[in-house]
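Me: I would like to go through a two-chain model by question and answer. Please show it here.

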Number of protein chains: 2
Amino acid sequence: IMAQILRNHMGRNHNDYNEPSVQPKNPYLVTMEEDILYHFSLSTKTHNLPEMFGDIKFVCVGGSGIRMKAFAQFIHQELKLPGSPEEIKNICEGTDRYCMYKVGPVLSVSHGMGAPSISIMLHELIKLLHHAQCHDVVLLRLGTSGGVGLAPGTVVITDKAVDYSFRPQFEQAILGKVISRSTELDEGVANELLQCSSELQNFPAVVGHTMCVHDFYEGQGRLDGALCSFSHEEKCDYLKKAYEAGVRNIEMESTVLAAMCRVCGLKAAVICVTLLNRFEGDQITSPHDVLVEYQHRPQVLVAHFIKKRLGYIV
Amino acid sequence: IMAQILRNHMGRNHNDYNEPSVQPKNPYLVTMEEDILYHFSLSTKTHNLPEMFGDIKFVCVGGSGIRMKAFAQFIHQELKLPGSPEEIKNICEGTDRYCMYKVGPVLSVSHGMGAPSISIMLHELIKLLHHAQCHDVVLLRLGTSGGVGLAPGTVVITDKAVDYSFRPQFEQAILGKVISRSTELDEGVANELLQCSSELQNFPAVVGHTMCVHDFYEGQGRLDGALCSFSHEEKCDYLKKAYEAGVRNIEMESTVLAAMCRVCGLKAAVICVTLLNRFEGDQITSPHDVLVEYQHRPQVLVAHFIKKRLGYIV
């Protein structure tokens with residue numbers, strides 16, 4: 001216990017006076033005797049978070065638990081770590097809200113669909129990284145999206161996450177008032193990812209704005225939802241305006257991710273593959289195996305990025 | 001195929017001129033040759049939806065897949081249906097976005113956390129019920145929530161879903177403009193549920209407004225998130241105002257559920273148990289077995305409601 005207290009103490013000093021990596025912005029946190037990360041089924045009292053997570057340098061997040069498990073197994077192979085990738089265990093097995101896998105310095109976490117779902121995960125993840133005294137962490141979202149004027153399968157590296165009216169902001173209601181937060185992502189990490197993509201064979205990647213909306217159908221101008229109150233022409237006009245504003249893909253988590261990571265000093269990137277070109281249609285009609293290959297592309301790019309940073313590739 | 005076309009045709013006539021149960025509001029749907037319900041991994045071409053789902057009368061939804069599977073097994077026992085509850089299969093096993101179980105006339109579906117996540121599910125569910133020509137369907141959300149001035153474990157039957165400023169509306173961005181939809185729930189079903197609760201032994205239930213917000217921490221006035229920019233006093237003021245406005249619990253899905261079901265003529269109810277009293281704290285600290293028992297309460301109430309409607313209880 002004494003070692004733990006000392007370690008916490010040293011960690012805190014290091015955070016205060018050195019280069020902090022992940023800093024929650026909440027003065028009440030230090031007053032809490034225990035912090036239950038409810039949706040992870042973890043707690044500062046029942047788990048030794050510094051021991052479990054202290055060496056994390058890359059946090060990779062994505063919507064689907066199955067996909068994030070596959071990524072954990074893939075990165076295990078890519079990093080040539082000992083043991084079988086089949087034996088990687090879900091750290092959050094006490095709950096089915098999120099899945100979490102740890103592979104060396106890489107944490108792979110699912111976040112479900114939509115800004116509220118990923119925001120719960122990010123609150124608890126940022127606190128987890130803080131409690132674990134992690135430093136120099138990069139967070140990377142590996143997602144799927146609808147493309148705007150791009151061939152299906154293109155990987156979009158986000159420079160700026162924008163809202164439904166193409167503004168780089170996330171609106172957050174706090175105690176009955178709405179505040180607005182900036183959603184710029186880390187430029188250095190985005191450029192590093194673009195460089196990585198150019199080093200891969202036949203890897204279609206672009207840097208562009210990503211529009212984040214709060215539903216899959218009406219908010220994205222789809223004509224195939226249960227509700228649709230606009231015409232095909234109005235839809236096309238909206239997508240054209242989005243394209244002209246620099247939007248290259250549409251998904252549902254990037255603005256809140258960018259906003260929260262910025263506030264807490266966590267460098268973040270969003271890498272989404274496009275499953276279709278929204279100028280061509282609304283339904284996702286590609287065969288299953290084609291979609292599986294598309295969904296693997298952000299993983300290939302991020303694996304390359306991680307291997308370069310770790311010195312596996314010079 | 002001919003029988004299918006005839007059945008579709010008859011179904012459509014019935015919907016047009018008789019009492020329709022579930023009516024998507026989208027003129028483009030009839031023009032579609034195939035409708036892929038992507039996040040369910042179902043389609044009108046690969047699945048016979050009327051045969052699979054035509055007899056559905058109760059759709060029960062909740063955030064967690066594990067909980068909705070447990071509910072399917074529970075209602076199987078309660079309805080004394082043949083076969084083993086252990087053998088109930090996940091209809092959406094081709095995806096991990098949502099889980100879906102069918103038990104006689106009851107469909108049990110998970111929806112993840114937050115309005116965007118449930119909205120994707122509801123778009124595809126409403127189209128599914130329509131394609132399957134279902135009639136006289138009731139949709140019931142069985143959820144968890146934070147209580148406002150109620151003892152933990154109290155079940156709140158929602159009369160009205162309200163937003164962060166206590167207004168009965170859901171704001172939806174469509175092609176760059178924000179529209180507002182009403183969020184009143186079906187009064188008859190709420191009263192029927194309250195009557196059911198009074199017939200159960202020692203069952204703490206109230207009717208009240210449910211506040212739906214888009215995050216778990218700042219939006220709900222919690223002091224234990226990664227971000228917190230307000231004081232304990234400001235938090236308490238906000239919760240008091242909410243209580244005075246008639247709010248009895250806080251969750252993250254009810255407004256969009258109420259809005260979408262209203263527009264499509266689907267009678268809906270929201271039944272959430274409170275896991276804590278927010279006047280007392282923010283963290284969910286009750287022991288696991290207590291929380292499990294709390295989470296079972298909406299299931300007990302809804303099972304009673306279904307059994308009464310089906311004539312099991314007179």
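Predicted model: local features only at pLDDT ≥ 70, side-chain atom pairs only at ≥ 80, totals over all residues.

Me: Is Thr144(A) buried or exposed?

Reply: The unreviewed UniProt entry lists Thr144(A) under "binding site"; such annotations may be inferred rather than shown by experiment. Buried means under 20% relative accessible area, exposed over 50%, partly exposed in between (1.4 Å probe, protein chains only). Thr144(A) has 17% relative accessibility, so it counts as buried.

Me: Which residue of chain B does Thr144(A) touch?

Reply: Contact means heavy atoms within 4.5 Å. Residues up to four places away in sequence are not counted. Among the contacts of Thr144(A) are Glu251(A), Cys272(A) and, from chain B, Arg97(B).

Me: What area is buried between chain A and chain B?

Reply: Buried area is the accessible area (1.4 Å probe) that two parts lose on being put together, summed over both. Here 70 residues of chain A contact 70 residues of chain B. Carbon and sulfur atoms give 61% of the buried area, which is about 5700 Å².

Me: Which side chain meets Glu218(B) in a salt bridge?

Reply: A salt bridge needs a side-chain nitrogen of Lys or Arg within 4 Å of a carboxyl oxygen of Asp or Glu. The rule finds two across this interface. At 2.6 Å, N to O, the partner of Glu218(B) is Arg181(A).

Definitions and conventions:
Residues numbered from 1 in each chain as written. Chains lettered and ligands numbered in written order. Heavy atoms only, no water.
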